[in-house]
Amino acid sequence: MEDFYKYIQVNSEYGFSDLRVVNAGHTRIVPGVAYPPGHHPDHHYFNFQQGRVIDEYQLIFISEGQGVLDTQSAGRTTLSAGQGFILFPDEWHRYKPDKQTGWIENWVGFSGEVSMLKSSSHLLSRENPVFRIGVDDRIFQLFNAIFDRVKTDVVGSEYVLSGVVIHMLGYIATLLQRQALNITSRTDEIILTAKSIMERQFSSKVKLEEIADELKISYAWFRKYFRRNTGFSPYDYLLNIRINHAKFLLKNSGYSVKEICMSSGFESQQQFCRTFKKKTGKTPVEFRKHSLKA
């Protein structure tokens, strides 16, 4: 790809207030060349010795080469291909490629409330701005979608651009969350199979230990990684399936509470009513009456 950059005049009446794209670009810096290039506007140009502060977010991904990043909150980090970082508004920073290797940088700048970053601050923050995801084809696809839209600059592009950047932030956060929880594709396969078994067999006496045995994993591993993957213990996940099934029948059938209890896999009507009220705040009878009034 040829070097490219564009700075956008943002109209506050268009796009999303949560996130508006203000610039984007792709630059190859060959070994030995002075950095940064001198062709950017004054409000984005910086001297490495002095660094700079900007009033927007920037997401920068290094697809080749290596270099360094310094920020006020995180200090110095060495960067290499497959790594990227977020620059935060009003945060002093500076970065540059290694003179021996150069690098290829891809970036998009955006402003707004950016709730996606706020909700994933445990993964990306001023104190921890660098992400390591490898040379990922999906990231290149998303950057290319941004570049294509910025170049054409057609009416309505603001909405698509905002959506693509939100998608990118969400994708990066997903990869980082999976890294933090040590979740692999094999883990996904095991947990998905376990969930499928529960959804098929919830009305019978499901034994979670037997599911672990069937999947050839220890029950301790099963509990640990099921919670990491879903946010629920296996028992709570199975219980939620049963409660949701019961809620559906209470709303949409004439079955008695006893019949619904048995259909939902509970051992006794007493256990069903007690658990149902704990989960919903209402007894099954109260829930049915409320649903009929709604």
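1. In which helix is Ser162 found? In this structure, which is a predicted model, Ser162 is found in helix H3, the helix that covers residues 157-181. Its relative accessibility is 1%, so Ser162 counts as buried, the cut-off for that word being under 20%. Once its neighbours within four places in sequence are left aside, Ser162 is in contact with Phe16, Leu19, Arg20 and Val21.

2. The next point concerns a pair of helices. Helix H4, made of residues 185-201, and helix H7, made of residues 234-252, have axes that come within 10 Å and cross at roughly 40°. That angle makes H4 oblique to H7, and the crossing in which H4 passes H7 is right-handed.

3. As for the residues that take part in this pairing, H4 contributes Lys195, Met198 and Glu199, which meet Pro234, Tyr237, Leu238 and Ile241 of H7. Sorted by class, the contact of H4 with H7 holds 5 nonpolar residues and 2 charged residues, with no polar residues.

4. Helix H7 also takes part in a second pairing, with helix H9, which covers residues 269-280. The axes of H7 and H9 come within 11 Å and cross at roughly 95°, and this makes H7 roughly perpendicular to H9, since angles of 65 to 115 degrees are counted that way.

5. Which residues of H7 meet H9, and which residues of H9 do they meet? On the side of H7 they are Asp236, Leu239, Asn240, Ile243, Ala246, Lys247 and Leu250, while on the side of H9 they are Phe272, Thr275, Phe276, Lys279 and Thr280. By class, the contact of H7 with H9 has 6 nonpolar, 3 polar and 3 charged residues.

6. A reader new to the structure may also wish to know about its cysteines. How many disulfides are counted? The count comes to 0 disulfides, where a pair of cysteine sulfur atoms would have to lie within 2.5 Å. Cys261 is in no disulfide, and the cysteine sulfur nearest to its own, that of Cys273, is 7.2 Å away. Cys273 is likewise in no disulfide, and for Cys273 the nearest cysteine sulfur is that of Cys261, at 7.2 Å.

7. Are these two cysteines buried or partly exposed? Cys261 is buried, because its relative accessible area is 1%, whereas Cys273 has a relative accessible area of 25% and is therefore partly exposed.

Conventions: Residues are numbered from 1 along each chain as its sequence is written. This is a predicted model: local features need pLDDT of at least 70, side-chain atom pairs count only at pLDDT 80 or more; totals for chains, interfaces and linings use all residues. Side-chain values use heavy atoms; hydrogens and water are left out. Axes are lines fitted to C-alpha atoms, for helices over the stretch in contact, and angles run from 0 to 180 degrees between N-to-C directions. Helices (H or I, at least four residues) and strands (E, at least two) are DSSP runs, numbered from the N terminus. Angles under 35 degrees count as roughly parallel, over 145 as roughly antiparallel, 65 to 115 as roughly perpendicular and the rest as oblique. A crossing is left-handed if the near helix is turned anticlockwise from the far one by less than a right angle, and right-handed if clockwise. Contact means heavy atoms within 4.5 Å. Ala, Val, Leu, Ile, Met, Phe, Trp, Tyr, Cys and Pro count as nonpolar, Asp, Glu, Lys and Arg as charged, and the others, Gly among them, as polar. Buried means under 20% relative accessible area, exposed over 50%, partly exposed in between (1.4 Å probe, protein chains only).
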